[in-house]
Amino acid sequence: MDKPYDFKALMIKIIALIKQETGIDCFIEGGMGPQQPYPFFTYQVKPYIPIDITDNVDYEEFEAEINFTAHSKSANESYTFGNQLRKIFETQSMDYLGDENDFGVVGTSEVESSDNVITIQVERRTEFTVRLRLLDTFQDKINTIDDVGINGTNLSEKDDYKKRIGGI
């Protein structure tokens, strides 16, 4: 059995484009380590939303949502960076990245405030959600009719099989 969709590989590529376009680092939400210097982005993935038009397991199309948050000490800066990040998902650069990596942007939500009161100060945050359509390369490795053998002979070797049974 192949491995299911690799979100780590996807996010490495998306984060690289975000850094290239904004100059701002992006981290997984709730990651371990010290507080990052402001401004920065975080993300959280909702990894699987089925699409009703498909019921296959091999090369399945599905959707995922990524919630992005822009963190800053300034409300205006938080809105500016949140909107800039949202717009990146509507650019040709993101379209090219999607074409190269089998995903497409289905849509983005509005950027909204989600300020966080931290003891005596306020962390200014804005957030939005992007929905992606993805193609899983997963394949179920089961034996098919071509892999079946009789008396130790593999039936997928058709020419040899034809010779053995009289040249059908």
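Pro 39 sits in the loop between β1 and β2, and the peptide bond that joins Tyr 38 to Pro 39 is cis, with omega at about -10°. That is worth a second look, because most peptide bonds are trans. As the model is a predicted one, confidence comes next. The mean pLDDT of the chain is 84, and 75% of the residues reach 70 or more. Among the elements, α1 has the highest mean pLDDT, at 97, while helix α4 (residues 158-164) has the lowest, at 51. Where pLDDT is low, the predicted coordinates should not be read in detail.

As for the overall layout, the chain has four helices and nine strands. Read along the sequence, the elements run α-β-β-β-α-α-β-β-β-β-β-β-α. Of the 168 residues in the chain, 29% are buried.

A side-chain oxygen of Asp 6 comes to within 3.2 Å of the backbone nitrogen of Lys 8 at the start of α1. Phe 7, Leu 10, Met 11, Ile 14, Leu 17, Ile 18 and Thr 22 are the buried residues of α1. They cover an arc of only 125° around the axis, and therefore lie on the same side of α1. Over on the other side of α1, the exposed residues include Lys 8, Ile 12 and Gln 20. Just after the helix ends, Gly 23 takes a positive phi of about 80°.

Helix α2 (residues 75-88) can be checked in a similar way. Its 14 residues should span 20 Å at 1.5 Å a residue, and the C-alpha atoms at its ends are 20 Å apart, which agrees. Buried in α2 are Ser 78, Phe 81, Gly 82, Leu 85, Arg 86 and Ile 88. Their arc around the axis is only 155°, which puts these residues on the same side of α2.

Next comes the stretch around β4. Asp 102 is in the loop between α3 (92-100) and β4, and its phi is near 55°, a positive value in a residue other than glycine. Most residues other than glycine have a negative phi. With a relative accessible area of 42%, Asp 102 counts as partly exposed. Strand β4 itself takes in residues 103-108, with Thr 108 among them. Thr 108 is partly exposed too, because its relative accessibility is 26%, which falls between the cut-offs of 20% for buried and 50% for exposed. In sequence, Thr 108 and Thr 129 are 21 residues apart, yet in space their C-alpha atoms are 5.7 Å from each other.

Finally, there is the question of open space. Rolling a probe the size of a water molecule over the atoms shows where empty space is left. The largest pocket has a volume of about 250 Å³. It is lined by 15 residues, of which Ile 28, Gly 30, Gly 31, Phe 40 and Thr 42 are the closest to its centre. The elements that give two or more residues to this lining are β1 (26-28), β2 (40-50) and β7 (121-135).

Terms used:
Residues are numbered from 1 along each chain as its sequence is written. Side-chain values use heavy atoms; hydrogens and water are left out. Buried means under 20% relative accessible area, exposed over 50%, partly exposed in between (1.4 Å probe, protein chains only). The arc is that of the directions from the helix axis to the C-beta atoms. A polar contact is a pair of N or O atoms within 3.5 Å; within protein, one must be able to donate a hydrogen and the other to accept it, and residues adjacent in sequence count only if both atoms are side-chain atoms. pLDDT is the predictor's confidence in each residue, from 0 to 100. On a 1 Å grid over the protein atoms alone, a cavity is a set of points where a 1.4 Å probe fits but cannot get out, and a pocket is an open set with protein on both sides within 12 Å along at least five of seven lines; lining residues have an atom within 4 Å of a point. Grid points are joined across faces, edges and corners, and a volume is the space filled by probe spheres set on the points. The expected span of a helix is 1.5 Å times one less than its number of residues.
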